[in-house]
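Okay, thanks everyone for coming.

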Amino acid sequence: MSYITLLTNDFGKISQYQKANGIDILEIKHRLCAASISLYGGQVLNWQPVDQLPVFWLSDRSIYQPGKAIRGGIPICWPWFGAYKDAGNHGFARQIQWHLDDIKLTENEVVLVFSTAGENVSPFWPHAFKLVQKISFSTDFTQQLTIENLSVQSVKFTSALHSYFNVSSPKNTSIQALNNVLFDDKVSLLNDQKDTLTNCVGPLDRIYHNQSVQQIKDIGWQRTIEVKSTQCEQWVLWNPGRKIAESMTDIHKEGENEFVCLEAANTKWLTIAGHESITLEQTVSVSANSNVTPR
Ligand SMILES: O=P(O)(O)OC[C@H]1O[C@H](O)[C@H](O)[C@@H](O)[C@@H]1O
């Protein structure tokens, strides 16, 4: 594999290499973290602060091929989330080429800006658009997605920053702030449900109508992943469980026991007026669980 160095200084190095089928990967090594991004799909694949296990999960059986979505990291689901008419799941942003526009490598962070633009990309969503992602990798992670409507008419979209979080096991993982929050259940097809989950073992496929800060507490690895979103009205919680995972060719054996998806989503159509834009954001941080156990 031949690497091209894009930028290097005292704080780190950013290189690029080509995987199968012409898919370009950016690899980041910084004094505070390591990370990688695929320019196909504009998809974060990995982020690992120093002294931490990787924060995002990536399948060993991901397919790196135009026309397919990469399984893991943070696929960008846009301009629709989930199923839509006869189009495939989750829109086309995760299956088109993005371009690197800017890199900054400073003592405290690596900031990358990349974008993609088009018109008539899909008959299901033919409008003119530009997407810009700005990502900061450091001890924390910030991702901003700006959606620009380049047409005169208003457009509608749904979306998700579909993060696959790497956990010791969904069995050891809980997300307390989702307890007793109204959710629509895509497994039972019942809406407006409420319950308390003691873990994240699948099959789970839920749309929670809530925007509060979430903490994914992992008692196996004794760490908590905190996720905050801006301009995202729902959280989607997904783990396929064994049976569905076994039917998915791009999830490695028992891969469903290694991740929990918690997606900063807009599952109801939002409107962007002509020539206007909207920015969605998520931030992720990791900390050790506090060892204080209630008596
Ligand atoms: O297989 P994909 O198209 O990547 O979708 C994977 C999953 O994404 C979301 O979490 C949806 O809520 C699920 O219904 C879907 O199965």
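So, pLDDT is the predictor's confidence in each residue, from 0 to 100. Here the protein's mean pLDDT is 97, and 98% of its residues reach 70 or more. The model also scores ipTM 0.98 and pTM 0.97.

Some housekeeping: residues are numbered from 1 along each chain as its sequence is written. And this is a predicted model, where local features need pLDDT of at least 70, side-chain atom pairs count only at pLDDT 80 or more, and totals for chains, interfaces and linings use all residues.

Which residues surround the ligand? They're Ala-69, Gly-82, Asn-89, His-90, Lys-186, Asp-205, Val-236, Trp-238, Cys-261 and Glu-263, where being near means a C-beta atom, placed from the backbone, within 6 Å. Strand 18 (234–239) and strand 19 (259–272) each give that shell at least two residues; strands are DSSP E runs of at least two residues, numbered from the N terminus.

Strand 19 turns up again in the largest nonpolar core. That core has 63 residues, and Phe-56, Phe-165, Leu-237 and Leu-262 have the most contacts inside it. Its largest share, 6 residues, comes from strand 19. A core here is a set of buried Ala, Val, Leu, Ile, Met, Phe, Trp, Tyr and Cys residues joined through C-beta atoms within 7 Å; buried is 20 or more other C-beta atoms within 10 Å, exposed is 12 or fewer, partly exposed is in between, with C-beta atoms placed from the backbone.

Last one: Lys-85, in the loop between strand 6 (76–77) and strand 7 (99–105). Lys-85 counts as exposed because it has 8 other C-beta atoms within 10 Å.

How values were computed: Helices (H or I, at least four residues) and strands (E, at least two) are DSSP runs, numbered from the N terminus.
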